[in-house]
Amino acid sequence: MRTWKVGLRITLFSIVSVYFLYGNASPVFSTDTHQILEPRVPSDKLAAVKVLKNTVPKSEKSVLKGKTIYNGKGTCVNCHGKEGKGDGPLAGSFDPRPRDFYDADDIGWQKVRTDGEIFWAISNGTESGMIAFEDMLSEEEIWAVVNYIRELGKSSVQAREFAENK
Ligand code: HEC
């Protein structure tokens with residue numbers, strides 16, 4: 001074999017090895033479950049935000065109000081998708097991707113987040129791409145959207161339980 005070919009093989013091998021050694025370990029990959037579950041609220045505020053009380057009781061009425069905002073003036077649907085699967089028309093341009101509220105892939109995001117943390121993320125946005133809505137939606141409207149996000153997650157759990165119990 002010619003020397004340049006051997007050299008090329010070694011170079012390619014090194015690139016592939018480096019990718020597997022370090023590339024996969026990088027926390028920027030949105031498919032990394034750990035990265036998705038990592039709190040979005042800064043650590044000095046986390047304890048207080050976690051216990052924030054939802055001032056809008058979860059009822060059929062508030063869930064429906066949340067749904068209207070989600071699909072309407074909140075524009076959430078454009079990124080998070082109609083069923084909350086993180087697959088709206090604009091989703092492709094974000095890394096990490098808009099959150100999947102459907103949670104059907106057992107990532108457990110719905111379980112890990114409190115209502116307070118979801119409220120905070122919608123109000124303040126996140127450093128990794130979620131926009132802040134505090135100037136666009138009232139607190140009451142944001143809590144209603146939190147209720148709708150819970151409903152989107154719940155339907156997936158029910159669907160899964162149904163599928164498992166068959
Ligand atoms: C322009 C796109 C876009 C729009 C519009 C948008 N989001 Fe997001 N959202 C994102 C992206 C991207 C992320 C992922 C950011 C991250 O992982 O930190 C995200 C993450 C989230 C999260 C997860 C925060 C967490 O703690 O993990 C919540 C909750 C959320 N969005 C709710 C909403 C709601 C409710 C609306 C509408 C009022 C909305 N988003 C509108 C792009 C969007």
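Is T75 buried, exposed or partly exposed? T75 is partly exposed, because 16 other C-beta atoms lie within 10 Å. A residue is buried if 20 or more other C-beta atoms lie within 10 Å of its own, exposed if 12 or fewer, and partly exposed in between, with C-beta atoms placed from the backbone.

This is a predicted model: local features need pLDDT of at least 70, side-chain atom pairs count only at pLDDT 80 or more, and totals for chains, interfaces and linings use all residues. Residues are numbered from 1 along each chain as its sequence is written.

View 1. Along the sequence, the pattern reads α-α-α-α-α-α-α-α. Helices (H or I, at least four residues) and strands (E, at least two) are DSSP runs, numbered from the N terminus. Of the 166 residues in the protein chain, 25% are buried. Among contacts with a separation of 6 or more, 58% join residues 24 or more positions apart. Two residues are in contact if their C-beta atoms, placed from the backbone, lie within 7 Å.

**View 2. Confidence along the protein chain.** The mean pLDDT is 86, and 80% of the residues reach 70 or more. Over residues 23-30 the pLDDT is below 50. That stretch has 6 contacts in the model beyond near neighbours in sequence. pLDDT is the predictor's confidence in each residue, from 0 to 100. Where it is low, the predicted coordinates should not be read in detail.

**View 3. The shell around the ligand.** The shell holds 24 residues, and G74, C76, C79, G129 and M130 come nearest. By class, the shell has 13 nonpolar, 7 polar and 4 charged residues. Here Ala, Val, Leu, Ile, Met, Phe, Trp, Tyr, Cys and Pro count as nonpolar, Asp, Glu, Lys and Arg as charged, and the others, Gly among them, as polar.

**View 4. The largest nonpolar core, with 23 residues.** F119, I122, I142, V145, V146, Y148 and I149 have the most contacts inside this core. At least two core residues come from each of α4 (60-71), α5, α7 and α8 (139-165). α8 supplies the largest share, 8 residues. Such a core is a set of buried Ala, Val, Leu, Ile, Met, Phe, Trp, Tyr and Cys residues joined through C-beta atoms within 7 Å.

**View 5. Helix α7 and F119.** The buried residues of α7 are D115, I118, F119, W120, A121 and I122. F119 touches L52, I142, W143 and V146, leaving aside residues up to four places away in sequence. G125 follows α7 and has a positive phi, near 75°.

**View 6. Backbone geometry at T75 and P96.** T75 sits in the loop between α4 and α5. T75 is not a glycine, yet its phi is positive, about 60°. D95 and P96 are joined by a cis peptide bond, with omega about 5°. P96 lies in the loop between α5 and α6 (109-112). Most residues other than glycine have a negative phi, and most peptide bonds are trans.

**View 7. Loop residue M136.** M136 is in the loop between α7 and α8. M136 counts as partly exposed because it has 15 C-beta neighbours inside 10 Å. K73 is 63 residues from M136 in sequence, but 8.4 Å away in space, C-alpha to C-alpha.

How values were computed
A residue is near a molecule or strand if its C-beta atom, placed from the backbone, lies within 6 Å of it.
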